[in-house]
Amino acid sequence: MDRRMNRACVIGAGVMGATIAAQLANVGIETVLLDIVPPEFTDGDKKKGFTPESKDFRNKFGNKGLNIALKSKPASFYIPKNAKLISIGNLEDDLALLKDVDWIIEVVVERLDIKQKVFEKIESVLTPGTIITSNTSGIPAKDMCEGRAEDFKKYFAITHFFNPPRYMKLLEIVPGPDTLPEVVETLAEVCEKTVGKGIVYAKDTPNFVANRVGTFSMFAAINAMMEMGLSVEAIDKLTGPIVGNPKSASFRTADLVGLDTLLHVADNVYDGSPNDEKREIFQAPEFIKKMLEKGFLGEKTRQGFYKKSKDADGKRVILSLDYNTLEHTPQEKVKFTSLEAAKNASGVGNKIKALYYAKDQAGTFTFKTLSETLIYAANRIPEIADDIVNVDNALKWGFARKLGPFEAWDAIGLGKSVAKMKEAGYEIPAWVAEMLESGKETFYKKEAGNLYFYDIAAKDYREVPVKPGIILLPSLKERNKLVAGNTGASLIDLDDGVACLEFHTKMNALGEDIVSMFAKSADMVSNDFEGLVIANHGTNFSAGANLPLVLFTAQEEEWDDLDWMIKALQDSLMKLKYLDKPVVSAPAGLALGGGCEICLASDRVRFAAETYMGLVEAGVGLVPAGGGTKELFIRNTDHLFEVQRGGLYPKQIEMMPFIARAFETIAMAKVATSGPEAVQMGLLKDTDRMTVNRDYQIQDAKNTVKAMNLEGYTPPRPRDDLRVPGENTYAMIKLGLWTMHEQNYITDHDVTVSNKIGYILCGGAVQENTVVTEQYLLDLEREAFLSLLGDPKTQARIQHMLTTGKPLRN
């Protein structure tokens, strides 16, 4: 079976359908977006110049969906121009377009009768072998296939995306009774490698895996809250980042999802699972029903469990719901002794453990809700999935949790927690009790760098499958592939002559340890390897310099030490840039400041789609000083010069517009909101390539190194031929800054910082077309950085950023 998807069709242009179409377009799949013809021609349509026969009217719902996707926040498209891959139509005029697509995704309203009518239409034009899937969140596949032809049933499955589709990793694949195995395999491969999803194989049961367990967990928290008399905000403190969940925790998440949606999902389980031992928990408490009556649905009605308001002074505040009175009141201060203790524990697992065994109210709540969720998840295997790995992945990928239920159970200690559960009167799932009795006390274990999970059917451990193309750095280190390292970074042998430099500091911030490993790694790769990948598995590639250390050193007025630190970073990155072996960086998440400069110094970049890159130093009153300013100058002006008979001659083009582009990027501390946007901004090159699913990124970067060597790698040479625009262009920049300052767009200190940036980009106090070296520009960077760091206003900006996480305008 051909496992490529070049063209797709999404039917249903609501928020979910339109944003699924956006993600397909993001990864290069041409997509047709269809919806119904509006049932009524309104006066508003007439005023817009539409007629009942015009495309603008008949495709109104499709166009509206696409516009919603284009305006959505967070952005659904990597870059807006990706929307050009989406064509709009309707189910009456454009049904024939389905004949030419490889994949049809139904995303209409969650009603079986409507879905069946859509499938009947699809079947009338279906090309044999076309894959059809539904994005239903709970309607059984067997019911949707009822009445369909055999060929339809063989190529039908459920592909349940999570919202928003661009950002949520989870995709649950649910085959129908007659789905061909190769259809499931094709969907898994395309959705994982091309669309960028993490695949969970689910059974055809109500709400599948993530929503089944996740909704139970939510209702368990609601019931415990009511029973213990705790507040909405207290529950969110106990179910948020402290236990590895997102900041939105429980009730903020419910507001984002919508209370009506949450109750619809709960009703699915209640109606569809008569034998579920915890079926009654999915019945909403009385206060939730009253919220629904009052229209307290969350974000969509601007009030739910929380409500934005203003206090007596006009200051914005967020009120929380008092579920006894159904009134929104000021939030209370949440204080629990165990919560404070958990904050000081290292790692999510130890934080959960500290709360689980605590004796105060927070401990009681955590023990009760977590125990019930763990037992419920264990009782759902093999009903909803075949193994614990699929359940854990579903909860992690679907709700952005750090740990799945069985990983969390291991973290709190299986034997000890089961004893506590028994003491409290809980009934332990038979297979868990049997597992413990056989002497197996963890759901997961590591051996020789490989991860194993307890397989319920086999009653023994099985290796967690790792697909070809996924490189796990911790596993390699456990298999003695560590070449060199210190507390900040490690050099790891990836085999095939390629090494990987991995960072492992907090936020992968750059300090002396990492900088020293740059130089050491360069020497070792030059002697012993064929190329270098710079990558890690952290949430962020690198958030930049170690600002607390920089600020402390400045406050101590250790200027020689600071000069040495910056020079060491510059020298190390120059060494990587001109290494005699290819260097490929693989950023994901934040690549800010120094993290961005590492990428700028690399031969190639294999970036994750979700890479947020920028030179942000101006935000704290500094300039990029690891070569970032110099590199943006080169990238924005190099094309203005051409080689003629051994000499560089400027084309007759004014340099100012190109300097201005680099200046704005740096002075405004612009951050790309995706990898493709970083290419547009000039932070990445057109020759750099994207990996959508980060799991495969290190292997892709390694393959890039090997390909560069195969093509015949020639290292670049240090530049001593850079022509700078000089004082005249710098004067124009200063004039622009003066104008902005006079109009109160920027502060005095913004002018000071921006003048330094302009001075470097223009090459300092020199004439136009003066030829300088890279080192000359690096020296200007370093000088500007040190002079700004000595300014109390810059130190105040850094301190404010470290304290609040927000920029200060002073």
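Helices (H or I, at least four residues) and strands (E, at least two) are DSSP runs, numbered from the N terminus. The model is predicted: local features need pLDDT of at least 70, side-chain atom pairs count only at pLDDT 80 or more, and totals for chains, interfaces and linings use all residues. Residues are numbered from 1 along each chain as its sequence is written, and side-chain values use heavy atoms, with hydrogens and water left out.

**Exercise 1. Lining of a pocket**

Task: state which elements each supply at least two residues of the lining of the second largest pocket, and describe that lining.

Solution. 
- Start with the term. On a 1 Å grid over the protein atoms alone, a pocket is an open set of points with protein on both sides within 12 Å along at least five of seven lines; lining residues have an atom within 4 Å of a point.
- Take the volume, the space filled by probe spheres set on the points, with grid points joined across faces, edges and corners. The second largest pocket has about 1,200 Å³.
- Find the centre. Of the 44 lining residues, Ala543, Gly544, Ala545, Asn546 and Leu547 are the closest to it.
- List the elements: H22, helix H23 (547-555), helix H24 (559-577), strand S20 (589-592), helix H25 (594-601) and helix H33 (792-804).
- Find the largest share. H24 gives it, with eight residues.
- Sort by type. Ala, Val, Leu, Ile, Met, Phe, Trp, Tyr, Cys and Pro count as nonpolar, Asp, Glu, Lys and Arg as charged, and the others, Gly among them, as polar. The lining has 29 nonpolar, ten polar and five charged residues.

**Exercise 2. The enclosed space**

Task: describe the largest cavity and say which element gives the most to its lining.

Solution. 
- A cavity is a set of points where a 1.4 Å probe fits but cannot get out.
- Count those of 30 Å³ or more: there is one.
- The largest cavity has a volume of about 60 Å³.
- Its lining includes Gln570, Met574, Glu597, Lys630 and Leu778.
- H24, H25 and helix H26 (628-637) each give two or more residues to this lining. H24 gives the most, with four.
- By type, the lining has five nonpolar, three polar and four charged residues.

**Exercise 3. Aromatic pairs**

Task: classify the ring pair of tryptophan 409 and phenylalanine 443, then that of phenylalanine 503 and phenylalanine 518.

Solution. 
- Rings of Phe, Tyr and Trp (its six-membered ring) pair if their centres lie within 6.5 Å; planes under 30 degrees apart count as stacked, over 60 as edge-to-face and the rest as tilted.
- This rule gives 22 aromatic pairs.
- For tryptophan 409 and phenylalanine 443, the centres are 5.3 Å apart and the planes at 45°, so the pair is tilted.
- Tryptophan 409 is in helix H18 (residues 405-412), and phenylalanine 443 is in the loop between helix H20 (430-437) and strand S12 (444-447), so the pair ties together parts 34 residues apart in sequence.
- Check burial (under 20% relative accessible area; exposed is over 50%, partly exposed in between; 1.4 Å probe, protein chains only). Tryptophan 409 is buried at 0%. Phenylalanine 443 is buried, also at 0%.
- For phenylalanine 503 and phenylalanine 518, the centres are 5.9 Å apart and the planes at 80°, so the pair is edge-to-face.
- Phenylalanine 503 is in strand S17 (residues 498-503) and phenylalanine 518 in helix H22 (residues 512-528), 15 residues apart. Both are buried.
- Look for a cluster. Ring pairs link Phe406, Trp409, Trp431, Phe443, Tyr454 and Tyr461 into one.
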